[in-house]
Amino acid sequence: MAYDVLVIGSGPGGYVAAIRAAQLGFKTAIIEKESLGGVCLNWGCIPTKALLKSAQVMEYINHAKDYGIEASGTHNFEAVIKRSRGVADKMSKGVQFLMRKNKIDVILGFGRIKSKAQVEVTKADGTKETIEAKHIIIATGGRSRELPSLKQDGKKVIGYREAMSLPQQPKSMIVVGSGAIGVEFAYFYNSIGTKVTIVEFLPRIVPVEDEDISKELEKQYKKKGIDIMTNANVESLDTSGAGVKAKVKTATGDITLEADIVLSAVGVSANIEGIGLEENGIKTDKGRIVVDKFYQTSVPGIYAIGDCVPGQALAHVASKEGIICVENIGYAEKKYHHQPESLDYGNVPGCTYCVPEIASVGFTEKSAKDAGYEIKVGKFPLSASGKASAAGATEGFIKVIFDAKYGEWLGTHMIGYNVTELIAETVVARKLETTYHEVLNSIHPHPTISESIKDAIEVAYGEAIHI
C-alpha cells in the first residue's frame, strides 16, 4: 500500500491534517492505535466539557432560589459519567464519517517509522503491515505527565483519563497541579460534593495566566470551599491504606494530607517512544520532536505536529499546525497556490472551562512591561455588566492591555461568565493589527458580555461610560 500523505495519530492535529491533505488531492491514510479523534475527542477536550456542563447544571439547581425558582435535586455520578462518554463516542463517530467523506483510509494499529518512506503498523492481533508514503506526518499527541513522586496506579493515584471514568465518586480528592486540567477537575468534583484540595508548586494557581486572573480564581474557588495550597510540593505518597496520604512540603514545613484519590495534573508528556525516531535520525529535544516553521523534522519528508513538538499543547494549535504543514507540502507539490504563513504562537488563545471561565491571549501585564512596552490597562468588572447581572454571574472581569505609543492591542485576559466565547475577538483584532480606536468605533450589541470588552478599552483610555 502506498500513499502521498500518511498521518500517524488521529487527534485534532492528525485528522485535520489528513482531511486537508485529501482536500488538496493527495492520496491519504491515517494510522490510529485506539479511537479516532485521539485524546481530545475521547478523553480530553470534549468529554471534560460534558462533565463540566453537568456540574454547572448542578450548581444552577443548588442556587435555583436565586432565580426565583423552587427546585431541588440530586445527582447520579454514574449517569454523569455515562453522558460524558456518550458525547465523546458521538464525536469520535463524527470523525469516522469525515474520514469516509474525504476518502481517507483508516489503518488501525500502532505505527512505527521504518524508513523515511515506510511505516510499519502493528495490528491488535500482533500482525504487521508496511505502508509506504512520500510524506509522513507524526501526530502522536501526548499523555498525562508522571513525576517520580506521583506514580499513577490508575486507582488511587490517577491522571485525567481515569478522572473522567471513575466507577464511583470519591468523597475527597487532592489535585496536584493547577493548570487548565487541574482547575477544571477541581471545579467539577467540588460542584458534585467531593472535598477538593489543590496543591500547586508555583506561587499562584493557573500560573501561566495574568496575575490578576490567578487572584480572582483563587478567591472564587475558596468561596466554593476548595482548599488551595501554593508554593507546595508533594514529596511522597502512601497508598497502603484505604485512601492516600500525601506528604507535602510547604514554606512553613511538611504536612500530611489525606484523601480517597490523588489526581496528578502536572502537565503533558509527548508520545514519542517506540515510533522509530532514533533509528531514523529524527532529532528530539527535551522530550519533543524538533521541527522547522513548517513542521518538517530533521529528516526530509517526515513531519511532526501537535503535542509531540514544542509549543502550546492545545487542540486548536495542533489543528492549525496540521493545516500549515499540509499546505506547505501542497505548495512544494504544486497542489496549493501559495506558501502558508507560519503560526504566530504569540497570538494563540488559551481557554479554561472551569466556573468562572478563563480566556486569554497575548501579553500579560507583566510580560508586556518586561518586553519594554509602555502600556495602558483597562479592567471592567462584570458586576457592572447588565447581561452578567441578569444571568446571575457577576464574578470576574475583562482586562485589556494596549501599547500606549501606537495603540496596538497587546493582550486580553478574562475571567467570568462565557468568556471563552469572547476571546476570538481579540485574536482576530490582533491579527488585523487593529488599534483601540477602531474597536471603540465598532458597535458591540447590548446587553451582552461581549460589550464588556469595549467597556474595558474605554477604561484603558479614560473614556469609561459604565463605571
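These legends accompany close-up views of a predicted model.

**View A. The second largest pocket and the residues around its centre.** Here we look into a pocket with a volume of about 750 Å³. Its lining is made up of 27 residues, and those nearest the centre are Gln56, Glu59, Tyr187, Lys224 and Val355. If you like to sort a site by residue class, the lining of this second largest pocket holds 11 nonpolar, 7 polar and 9 charged residues.

View B. Which helix supplies the largest share of the lining? That is H3, with 6 residues. Helix H3 spans 45-62, and helix H7, spanning 211-223, likewise supplies at least two lining residues.

**View C. The largest nonpolar core.** This core has 36 residues, and the members touching the most others are Phe185, Phe188, Tyr189, Ile198, Leu217 and Tyr221. Elements giving two or more residues to the core include helices H3, H4 (77-101), H6 (180-191) and H7, together with strands S9 (172-176), S10 (195-199) and S15 (261-264). Helix H6 gives the most, with 6 residues. In soluble globular proteins, nonpolar side chains tend to be buried together.

**View D. Phe185 and its contacts.** Setting aside neighbours within four places in sequence, what does Phe185 contact? Its partners are Thr48, Leu51, Tyr160, Ala163, Met164 and Leu263.

Notes: Residues are numbered from 1 along each chain as its sequence is written. This is a predicted model: local features need pLDDT of at least 70, side-chain atom pairs count only at pLDDT 80 or more; totals for chains, interfaces and linings use all residues. Side-chain values use heavy atoms; hydrogens and water are left out. On a 1 Å grid over the protein atoms alone, a cavity is a set of points where a 1.4 Å probe fits but cannot get out, and a pocket is an open set with protein on both sides within 12 Å along at least five of seven lines; lining residues have an atom within 4 Å of a point. Grid points are joined across faces, edges and corners, and a volume is the space filled by probe spheres set on the points. Helices (H or I, at least four residues) and strands (E, at least two) are DSSP runs, numbered from the N terminus. Ala, Val, Leu, Ile, Met, Phe, Trp, Tyr, Cys and Pro count as nonpolar, Asp, Glu, Lys and Arg as charged, and the others, Gly among them, as polar. A nonpolar core is a set of buried Ala, Val, Leu, Ile, Met, Phe, Trp, Tyr and Cys residues joined through side-chain atoms within 4.5 Å. Buried means under 20% relative accessible area, exposed over 50%, partly exposed in between (1.4 Å probe, protein chains only). Contact means heavy atoms within 4.5 Å.
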